Amino acid sequence: MQTEDSESSTHFIQDIIEEDLNTLKFDGRVHTRFPPEPNGYLHIGHAKSICLNFGLAAQYSGKCNLRFDDTNPSKEEEEYVKAILEDVRWLGFDWGDRLYYSSEYFDQLYQYAVRLIEKGKAYVDALSPEQIREYRGTLTEPGRNSPHRDRSVEENLELFERMQAGKFAEGERVLRAKIDMTSGNLNLRDPVLYRVLKAVHHRTGDKWCIYPMYDFTHGQSDSLEQITHSICTLEFEDHRPLYDWFLKELDIYRPQQIEFARLNLNYTVLSKRKLLQLVQEGHVSGWNDPRMPTLSGMRRRGYPPAAIRDFCERIGVAKSNSTIDFALLEHCVREDLNKTAPRVMAVVRPLRVVIENYPEDQVEELIAENNPEDPGAGSRKIPFSRVLYIERDDFMEDPPKKFFRLAPGREVRLKHAYIIKCERVIKDEKTGEVVELRCTYDPETKSGSSLEGRKVKGTLHWLSQPHAQPAEVRLYNHLFLKENPADEKECPELSSSLNPDSLEVVKDGFIEPFLVDAVASDRFQFLRLGYFCVDKEDSAPGAPVFNRTVTLRDTWAKISKKST
């Protein structure tokens with residue numbers, strides 16, 4: 001499992017492109033494409049392909065198209081098209097005037113199919129889908145020819161025209177390539193090129209009732225767009241001979257297909273089918289749920305696009321599949337946010353503190369730096385008063401030896417403020433729960449004063465109770481408990497590996513006064529708590545909701561170890 005920069009990975013695709021440039025194979029051009037199917041939202045695996053295709057085009061002063069392979073109207077929606085466009089832009093890439101749809105080529109693809117029929121390289125088959133699978137054979141047994149394989153060209157042309165005219169029901173006829181039913185590559189055993197599908201297409205409406213299969217579409221679309229390097233994931237390696245066969249038999253421009261290893265992340269599923277299952281079964285609130293590995297989910301959670309690009313660069317490009325540790329992605333997010341996120345104070349689980357020797361009617365404005373990593377970020381004023389909130393977890397009545405936060409008789413420093421000492425503990429008379437701490441402060445220890453350097457072992461964040469503003473805070477963790485939830489042998493039921501603690505909603509958190517005006521997608525570091533982002537869906541003016549983007553340290557390894 002990879003957990004750090006993959007500098008040793010050979011970027012073999014760059015080697016191929018540079019050799020092609022040296023030999024002028026494509027007249028010195030580099031033209032790639034990113035071809036999503038609009039049947040779901042993009043996820044972090046797609047980000048690797050986006051960064052690779054657009055990145056290579058930029059590196060070699062080339063072009064990259066964005067093309068929707070929209071050949072299956074029964075699963076495609078305009079919602080997905082809009083989401084994909086937004087995601088690619090958000091990730092930082094621009095396709096310029098090169099936005100295409102495979103559906104734009106349906107007329108040309110139909111003519112290509114007719115050309116194959118005329119050459120005796122395609123035929124209309126009446127076998128049922130079940131019979132086609134049976135006749136196909138197995139990896140160890142050759143397939144059998146369909147009884148309809150030797151129809152005449154004229155008969156096939158007539159039948160294909162009738163298919164296009166809607167004369168057959170779904171599953172009643174298909175158009176198949178005539179290649180080799182004994183081939184060791186199952187993809188060459190007379191694959192289906194067209195099927196009857198009486199569905200309304202999101203762009204062409206009901207013009208067509210037959211639709212080309214993906215294998216017949218993407219190579220010819222690449223050719224029509226003059227793509228030089230058609231970069232696919234490894235599962236398409238066995239499809240390359242078919243890709244090349246179509247181009248050769250049609251005698252059209254031939255791009256070069258190159259395969260690379262797809263992204264696999266632990267504690268994550270990157271299957272659109274399984275992600276759709278999570279949405280449909282209500283395990284998440286939608287495709288953009290912040291626990292989802294979709295780009296829209298990561299954007300809502302607060303992941304910066306620069307961090308995702310950095311992650312894709314670090315994992316490299318390889319020929320063999322491997323699994324990347326999710327901790328590396330979180331590391332990239334922390335690195336980016338550490339440089340850019342303003343530091344603020346928030347209290348998620350408040351415990352009331354009264355400083356008994358501080359004047360009741362006094363309010364001080366203390367100076368707090370916004371980001372120690374960025375001197376240009378400046379500072380802000382924060383109010384300090386007699387009554388404060390601290391985190392409940394920052395107090396223990398009977399602390400263990402290495403607990404350096406607040407306890408009876410113990411001193412701590414309040415960040416940007418004073419040293420305080422816990423003098424008394426107030427408890428609920430009925431439950432015994434600690435409800436308030438009575439403390440004193442040393443006025444000589446104000447941050448920035450000559451006695452600031454007085455040593456205490458703990459520093460706590462805090463808020464002035466009269467000035468603190470209420471806020472909802474959502475604490476996100478991994479969606480899955482199992483390291484490989486996509487393994488159907490290990491996790492036959494996807495829901496069985498879900499983490500019941502993947503989301504904790506805290507309704508009674510508090511934030512600094514100015515944060516009440518934070519707007520959607522603003523990112524902050526809540527001191528000692530983690531990085532947070534204003535939720536763009538559920539926040540309202542004056543009532544922000546904060547999503548935890550990532551913790552300050554990786555605590556997941558300890559949590560998952562306890563659960564196994």
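Predicted model: local features only at pLDDT ≥ 70, side-chain atom pairs only at ≥ 80, totals over all residues.
Visitor: What about holes inside, how many cavities does a search find?

Guide: A search of the whole structure finds four cavities of 30 Å³ or more, and the largest cavity holds about 170 Å³ of space.

Visitor: Which residues lie nearest the centre of that largest one?

Guide: Its lining is made of 18 residues, and those nearest the centre are T268, R291, R301, F326 and L479. Helices α9 (272–280), α10 (295–301) and α12 (326–340) each supply at least two residues of that lining.

Visitor: What classes of residue make up the lining?

Guide: The lining of the largest cavity has 12 nonpolar residues, together with three polar and three charged ones.

Visitor: You mentioned α9, so could we look at V279, and is it buried or partly exposed?

Guide: V279 lies in helix α9, and it counts as partly exposed because its relative accessible area is 22%, which falls between the limits of 20% for buried and 50% for exposed.

Visitor: What does V279 touch?

Guide: Leaving out residues up to four places away in sequence, V279 touches V284, G286, W287 and M292.

Visitor: Switching topic, where is S385 found?

Guide: S385 is found in the loop between β14 (379–384) and β15 (387–391), and it counts as buried because its relative accessibility is 4%.

Visitor: What does its side chain reach?

Guide: The side chain of S385 reaches the backbone oxygen of V387 at 3.2 Å, and it also makes a polar contact with the side chain of S464 at 2.7 Å. Residues touched by S385, apart from those up to four places away in sequence, include I355, Y358, Q362 and P466.

Visitor: Now the cysteines: how many disulfides does the count come to?

Guide: The count comes to zero disulfides. For C312, the nearest cysteine sulfur is that of C51, 4.0 Å away, and a disulfide would need the two sulfur atoms within 2.5 Å. C439 is in no disulfide either, with the sulfur of C422 as its nearest cysteine sulfur at 4.7 Å.

Visitor: Are those two buried or exposed?

Guide: C312 is buried, with a relative accessible area of 9%, and C439 is buried as well, with a relative accessible area of 0%.

Visitor: Last one, what is the phi of L24?

Guide: Phi of L24 is near 55 degrees, a positive value in a residue other than glycine. L24 sits in the loop between α1 (12–23) and β1 (31–34), and it is exposed, with a relative accessible area of 55%.

Visitor: And what about D27?

Guide: D27 has a positive phi of about 60 degrees although it is not a glycine. D27 lies in the loop between α1 and β1 and counts as exposed because its relative accessibility is 69%.

Note on methods: Residues numbered from 1 in each chain as written. Heavy atoms only, no water. 1 Å grid on protein atoms, 1.4 Å probe; cavity = no way out; pocket = protein on both sides within 12 Å on 5 of 7 lines; lining within 4 Å. Points joined across faces, edges and corners; volume = space filled by probe spheres on them. Helix = DSSP H or I, 4+ residues; strand = E, 2+ residues; numbered from the N terminus. Nonpolar A, V, L, I, M, F, W, Y, C, P; charged D, E, K, R; others polar. Buried < 20%, exposed > 50% of the residue type's maximum accessible area, 1.4 Å probe, protein only. Polar contact = N/O pair within 3.5 Å; in protein donor to acceptor, adjacent residues only side chain to side chain. Contact = heavy atoms within 4.5 Å.
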